[in-house]
Amino acid sequence: MPVETVSQAELEQQRLYMQKVRSVFHIKQSPPLAYVHSYGCQQNVSDGERIKGMLSEMGYLFTDDTANADFILFNTCAVRENAVERVFGNVGALKHLKKKNPDLIIAVCGCMVQQEQTAKRLKTTFPFVDIIFGTHVLHKFPELLFTEIFEGGRIFEIPDSDGVIAEGIPVARDSTFKASVPIMYGCNNFCTYCVVPYVRGRERSRSPEDVISEVRSLVESGCKDILLLGQNVNSYGKGTDTDFPELLTRLDGLEGEFRIEFMTSHPKDCTHRLIDVIADSDKICRHLHLPVQCGSNRILRAMNRHYTRESYLELVDYARSKIPDLNLTTDIIVGFPGEQREDFEQTLDLMEQVCFDSAFTFIYSPRTGTKASEMPDPVSSEEKGKWFRELLEVQTRCGSKCYEKYVGKTVTVLCDGKGRTDDRYFTGKSRQNIIVDFDGSESDIGNFVDVKITKALGWALIGEKQDPK
């Protein structure tokens, strides 16, 4: 099925809306201020940068204080219940600002809005929210804001869609040397616990030429860290003549001093060929985030993950044989509906066997509309909490063991700011995507630095900057 692409005529129409809004603000003495906050995953952060890019084109400057803002936007996440409730709480806190300043425009967008029940709650419970729009109309944001400014009223734009691709949206990036580049959108996997296919639509890939052109432009402008984004980057390429390993190979061949990261990988689509490309590359990070979710085949089937414990372990063995310095990370869900103690113990055993460098661990959170939310779930929250603490103990021990092997070695770090463990340090990430704090200086920010590791923590490394050879 061909991917719906937003036409150049429609994009030009949105540019005209941006110009019209800007012309209104141009005659005022001071530019309006916008507050934009994105919750959740890197894809949401990337969408937030595009929203800020459009706002900048419309004449807005930005503020970190909602009290000073003329426009406030929350770009929301729907993956976990606590994230949704946090958004509702933060939106509710804006009521007094709207009462104090009736001209304040408040908008809510993103994955949460794309869910019918949460959109309805926003409409009925928060009447002071002016604009509510879903994930499939991001490119129409200038038109929505123009309409609100000139016509007023409340605007709801939440179409039911499989999703579109819109190229050429302006981007206001949060960093001059690090950039996220979406290569695909949506998901076809329908894991039984996940709302992403329902709020982000079906898988659709950008053309390789558009991706390569964007990355090349970023590198030429001085960007040194490129993060390729997709709900499942491994399945990139549907509808194009290029799959993900081929795209990586082409990007790795671009000239310049930079590195390439990507997330998130689904184990069922991670192939030996992809691992070979990483192993043979000059610029791709030695990091593979491979969410296993659970170590029990019974629960993996219930999750609709389409791989087995055995196939996952084989993939890990192959990856480590080809990439000895690989940093392997994962996601684990504890307490999936129907999970029993023996299933959880299989997860603990898998974690001991693999010994992940780090893991993002969660207690299962039911999401309305998913199959898992309708499954029997007899295990108590208290028992799940106990399991979760056991899991953390195992991962802490494994992570410390993995990081200890770097002591005495020298790694190359892209410095991105002040230290995380001590204000005297500066920090960055190695090619293995590991946090490294070191005795650097302001001049190191945005540059690659060689650091000799002197100490390992459970989540980071400490080291000494080495003089250039």
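## A buried tyrosine and its partner

Y17 is buried, at a relative accessible area of 14% (buried is under 20%, exposed over 50%, partly exposed in between, with a 1.4 Å probe and protein chains only). This is a predicted model, in which local features need pLDDT of at least 70 and side-chain atom pairs pLDDT 80 or more, while totals for chains, interfaces and linings use all residues. Residues are numbered from 1 along each chain as its sequence is written, and side-chain values use heavy atoms, without hydrogens and water.

Let's look at the rings. The structure has 17 aromatic pairs (Phe, Tyr or six-membered Trp rings with centres within 6.5 Å; stacked under 30 degrees between planes, edge-to-face over 60, tilted for the rest). One of them joins Y17 and F146, tilted at 50 degrees, with 5.0 Å between the centres. Y17 belongs to helix α1 (residues 8-26) and F146 to helix α6 (residues 141-151), so this pair bridges 129 residues of chain (helices, H or I, of at least four residues and strands, E, of at least two are DSSP runs numbered from the N terminus). F146 is buried too, with a relative accessible area of 16%.

## A stacked pair

F88 and F126 are stacked: their planes are 5 degrees apart and their centres 5.7 Å apart. F88 sits in helix α3 (residues 81-92) and F126 in the loop between α5 (116-125) and β6 (131-133), so the pair ties together parts 38 residues apart in sequence. F88 is buried at 4% relative accessible area, and F126 is buried at 8%.

## Charges and a cluster

The charged end of R121 sits over the ring of F88, 3.7 Å from its centre (NZ of Lys or CZ of Arg within 6 Å of the ring centre and within 35 degrees of the ring normal). Likewise, R80 has its charged end over the ring of F362, 3.6 Å from the centre.

Finally, F25, Y60, F71, F133 and F141 make up one aromatic cluster.
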